Amino acid sequence: MFFDLTHDFSLEDAFHIAEHRVHLKSAGTEYTGVKYLYTVPGMASSYLDLPGHIAETDDGRRGDSIPANLFYRMPAKVLRLHRQSGDGAVTADDLLKSANGDFQAPCIIVNALGDLNPRDIDERSVYLTFDALEFLQAHGCRLLVSDIFESQRLDGVFLWLFRHGISTVCEPINLGRLPLDLPVCFSAIFPPLPATQLPCRIFAETEERKSHNVKSSATC
């Protein structure tokens with residue numbers, strides 16, 4: 001099964017696209033080429049943040065210097081809660097209860113909002129605490145995909161994550177559709193730009209079990 005988790009590009013994000021038509025003609029053919037000029041903010045759509053998104057935690061990595069497959073088909077663990085707008089802190093204990101057992105995963109997907117998407121709630125009204133971040137790091141997280149991050153107080157969630165070498169994917173949608181009982185692989189496809197914040201196409205894949213009596217393992 002394939003799940004596209006990418007937020008649409010929106011004019012609300014100051015995304016703009018201009019179309020230019022170029023008439024081409026030769027002795028053998030004639031047609032009109034269509035070219036585009038894009039203005040794309042780094043935080044448009046769903047986007048990848050490398051640690052250098054904060055100057056104080058810049059580790060030198062850029063979209064054009066990291067391997068194209070760095071975040072491709074990563075074994076992932078989905079942690080699901082069902083928080084509503086204004087529900088406040090998500091703690092390590094909350095994540096532990098949602099994990100249903102011990103795990104280690106290089107990519108952890110925090111679906112704190114269940115069937116809601118990040119823009120369905122008041123901004124930063126549900127957020128991760130520092131002990132939740134420590135929980136994620138202790139469980140092997142190198143890429144955090146989440147529908148919540150920082151609080152309205154600006155506690156420093158991203159600063160903590162980047163200091164510990166954990167990259168993030170922000171503004172995912174449809175995390176509530178991901179199954180909890182199947183292995184999940186997560187991918188972020190990003191353009192090779194010399195930048196630390198990159199709009200990207202994000203998706204997840206699962207493989208159905210062939211038998212209820214046979215446990216499947218991640219095949220990412």
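Predicted model: local features only at pLDDT ≥ 70, side-chain atom pairs only at ≥ 80, totals over all residues.
Visitor: Where else does a residue other than glycine have a positive phi, say Ser45 or Leu154?
Guide: Ser45 has a phi near 60 degrees, and it is found in the loop between β3 and β4. For Leu154 the phi is also a positive value, near 60 degrees, and this residue lies in the loop between β9 (143-146) and α3.

Visitor: Is Ser45 buried or exposed? And Leu154, buried or exposed?
Guide: Ser45 is buried, because its relative accessible area is 1%, and buried means under 20%. Leu154 is exposed, because its relative accessible area is 56%, and the cut-off for exposed is over 50%.

Visitor: Back to α1, then. Which of its residues are buried?
Guide: In helix α1, which covers residues 92-99, the buried residues are Ala92, Asp94, Leu95, Ser98 and Ala99. Looking down the axis of α1, you would find these buried residues within an arc of 160 degrees, so they line one face of the helix.

Visitor: Which residues touch the most other members of the largest nonpolar core?
Guide: That core has 31 residues, and those touching the most other members are Leu79, Val90, Leu95, Ile108, Leu136, Leu144 and Leu161. At least two residues of this core come from each of α1, β7, β8 (126-128), α2 and α3 (157-163), and α3 gives the most, with five residues. In soluble globular proteins, nonpolar side chains tend to be buried together.

Visitor: Can we zoom in on one of them? What does Val90 touch?
Guide: If we do not count residues up to four places away in sequence, Val90 touches Leu81, Arg83, Leu95, Ala112, Val126, Tyr127, Leu128, Thr129, Ala132 and Ile148. There is also a second, separate core, which has 24 residues and includes Leu48, Val78, Leu143 and Val184.

Visitor: Now the outside. Which residues form the nonpolar patch on the surface?
Guide: The patch is formed by Phe9, Ile17, Val34, Tyr36, Tyr38 and Val40, which together have about 550 Å² of accessible area. Strand β3 (residues 30-39) provides the largest share of the patch, with three residues.

Visitor: And where is Ile17?
Guide: Ile17 is in strand β2, which covers residues 16-25. Ile17 counts as partly exposed, because its relative accessibility is 38%.

Visitor: Changing topic: how many salt bridges does the structure hold?
Guide: The structure holds nine salt bridges, and one of them joins Asp4 with Arg201, where the closest N and O atoms are 2.7 Å apart. This pair links distant parts of the chain, since Asp4 is in strand β1 (residues 2-4) and Arg201 is in strand β13 (residues 201-206), 197 residues apart. Side chains of opposite charge can pair when their charged atoms come close.

Visitor: How exposed is Asp4?
Guide: Asp4 counts as partly exposed, because its relative accessibility is 30%.

Visitor: What about Glu19 and Arg21?
Guide: The side chains of Glu19 and Arg21 meet in a salt bridge, at 2.9 Å from N to O. Glu19 counts as partly exposed at 43% relative accessibility, whereas Arg21 is exposed, with a relative accessible area of 60%.

Visitor: And which residue does Arg61 form a salt bridge with?
Guide: Arg61 forms a salt bridge with Asp59, and the closest N and O atoms of this pair are 2.9 Å apart. Arg61 counts as partly exposed at 23% relative accessibility, and Asp59 counts as partly exposed at 40%.

Visitor: Last one: where does His53 lie, and what is it in contact with?
Guide: His53 lies in the loop between β4 (47-49) and β5, and it counts as partly exposed because its relative accessibility is 33%. Leaving aside neighbours within four places in sequence, His53 is in contact with Phe162, Thr196 and Gln197.

Visitor: How far apart are His53 and Lys35?
Guide: His53 and Lys35 are 18 residues apart in sequence, and from C-alpha to C-alpha they are 31 Å apart in space.

Notes: Residues numbered from 1 in each chain as written. Heavy atoms only, no water. Patch = residues over 30% accessible without salt bridge, like charges linked within 9 Å, V, L, I, M, F, W, Y side chains within 5 Å. Areas by Shrake-Rupley, 256 points an atom, 1.4 Å probe, with all protein chains shown as cover. Salt bridge = Lys/Arg side-chain N within 4 Å of Asp/Glu carboxyl O. Helix = DSSP H or I, 4+ residues; strand = E, 2+ residues; numbered from the N terminus. Buried < 20%, exposed > 50% of the residue type's maximum accessible area, 1.4 Å probe, protein only. Arc of directions from axis to C-beta. Core = buried A, V, L, I, M, F, W, Y, C linked by side-chain atoms within 4.5 Å. Contact = heavy atoms within 4.5 Å.
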